Amino acid sequence: MSITAESLRNKLTAEMGAVHVEVEDTTTDHCSTSFKVLIVCPQFEGKPLLQRHRMVNTCLAEELKEIHAFEQKTLTPEQWEKQKAE
Amino acid sequence: MNHLFRLSAGLLRSGTSGLYRRGPVPEGHVSLVVARLFSSEPENSELGQLIKKDKVVVFIKGTPAQPMCGFSNAVVQILRMHGVDDYASYNVLEDQDLRQGVKNFSNWPTIPQVYFNGEFVGGCDILLQMHQNGDLVEELKKLGIHSALLDANKDEQKK
C-alpha cells in the first residue's frame, strides 16, 4: 500500500464525511513517512479532542501502521470558519 | 497459556530483537517478559501500574534533559513552561517492548504520549492545543498543580 497525501485525503473525506481535508507530507522533516493533516468534519461536534483524534486514528488505522509521525488538527465546520476569519 | 502467546505474538508483530526468546513456540517470537508485562488484564499490568504511580506521566523519545524527537521535545517544553518539572518520564527508545506496548495499551499509534492521573490525555498535538486554549492550566489545577503561567499572567496584570 503506498500512502500518499492524496490517498489519505480521499479516505478521510470518504469515510468520515469530512468537509475539508488538508494533508501535508512532512516526510522530509522527519526522515521517515510523516504527515500533517487538518480535518474539518461536522461529526467532531460536541466531541472532546481526544475522541476526535481517536476517530481519525480509527479511520486511518491501516495507514498509521506504516506512518512514523502523524500530526492532526481536528475542527468542526464552525471552528474552521472562525479560524479562517482570524 | 495459549491466549497469552496469542496476545504477545500480536504485540510483537512489529518485531523485536528476540532478546527474550525462550525456545520454540507455535507463533514464533514470543517474549515471556512481554507476556508478564501485558497480562490479559491491562489495568493491572505493569504499564497500568506505571501510569498511576505519578500524577503526570509521559512516554517520550529521549529524556526531558535530552529529547530525541521534535514532538517529544514539544511535550517537555510545554510542561516546563507551566512549571511542571516533577513528572515521570519514560524513554521508549531504551526499550522496544515499552515502545510498542504503550501504543497498544493506549490504543494510540504514536509517541509521545501523556497521562494525567492514570488517564490518557493524548499526544503532542492535543497537549499543544490544550496549552493554547487554556485547558492545560485547568487540567493541571485538577491535579493539584499550580501552573507557572498563572503567576506569569498575574505579573502581567500588575504592570
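**Close-up views of a predicted two-chain model**

**View 1. The interface of chain B and chain A.** Between chain B and chain A an area of about 1200 Å² is buried, with 59% of that area coming from carbon and sulfur atoms. Three residues, Phe71(B), Asp125(B) and Gln129(B), account for 39% of what chain B buries against chain A, which is more than any other three residues supply. The structure is a predicted model, and the contact in this model draws 14 residues from chain B and 13 residues from chain A.

**View 2. Polar groups across the interface and the elements of chain B that carry the contact.** Across the interface of chain B and chain A there are 4 residue pairs in polar contact, with both residues of each pair at pLDDT 80 or more, whereas the number of salt bridges found across this interface is 0. On the side of chain B that touches chain A, at least two residues come from each of α5 (96–106), β4 (119–122) and α6 (124–132) of chain B. By residue class, that side of chain B comprises 6 nonpolar, 5 polar and 3 charged residues.

**View 3. An aromatic pair within chain B.** Over all chains, the whole structure contains 5 aromatic pairs. In the pair formed by Phe59(B) and Tyr115(B), the ring centres are 6.0 Å apart and the planes stand at 80°, so the arrangement is edge-to-face, planes over 60 degrees apart being counted in that class. Because Phe59(B) belongs to strand β1 of chain B and Tyr115(B) to strand β3 (residues 113–116) of chain B, the pair ties together parts that are 56 residues apart in sequence.

**View 4. A salt bridge within chain A.** Side chains of opposite charge can pair when their charged atoms come close. The count over all chains is 6 salt bridges. Glu63(A) and Lys11(A) form a salt bridge in which the closest N and O atoms are 3.3 Å apart. This pair links distant parts of the chain, since Glu63(A) is in helix α4 (residues 61–64) of chain A and Lys11(A) is in helix α1 (residues 5–16) of chain A, 52 residues away.

**View 5. Confidence along chain B.** The model as a whole scores ipTM 0.82 and pTM 0.76, and chain B has an average pLDDT of 80, with 70% of its residues scoring at least 70. Within chain B, strand β1 (residues 56–60) has the highest confidence, at 98, and helix α2 (residues 32–37) the lowest, at a mean of 44. Over residues 7–40 of chain B the pLDDT stays under 50, and for this stretch the model has 46 contacts beyond four places in sequence.

Conventions
Residues are numbered from 1 along each chain as its sequence is written. Chains are lettered from A and ligands numbered from 1 in the order in which they are written. Side-chain values use heavy atoms; hydrogens and water are left out. Contact means heavy atoms within 4.5 Å. Buried area is the accessible area (1.4 Å probe) that two parts lose on being put together, summed over both. A salt bridge is a side-chain nitrogen of Lys or Arg within 4 Å of a carboxyl oxygen of Asp or Glu. A polar contact is a pair of N or O atoms within 3.5 Å; within protein, one must be able to donate a hydrogen and the other to accept it, and residues adjacent in sequence count only if both atoms are side-chain atoms. Helices (H or I, at least four residues) and strands (E, at least two) are DSSP runs, numbered from the N terminus. Ala, Val, Leu, Ile, Met, Phe, Trp, Tyr, Cys and Pro count as nonpolar, Asp, Glu, Lys and Arg as charged, and the others, Gly among them, as polar. pLDDT is the predictor's confidence in each residue, from 0 to 100. Rings of Phe, Tyr and Trp (its six-membered ring) pair if their centres lie within 6.5 Å; planes under 30 degrees apart count as stacked, over 60 as edge-to-face and the rest as tilted.
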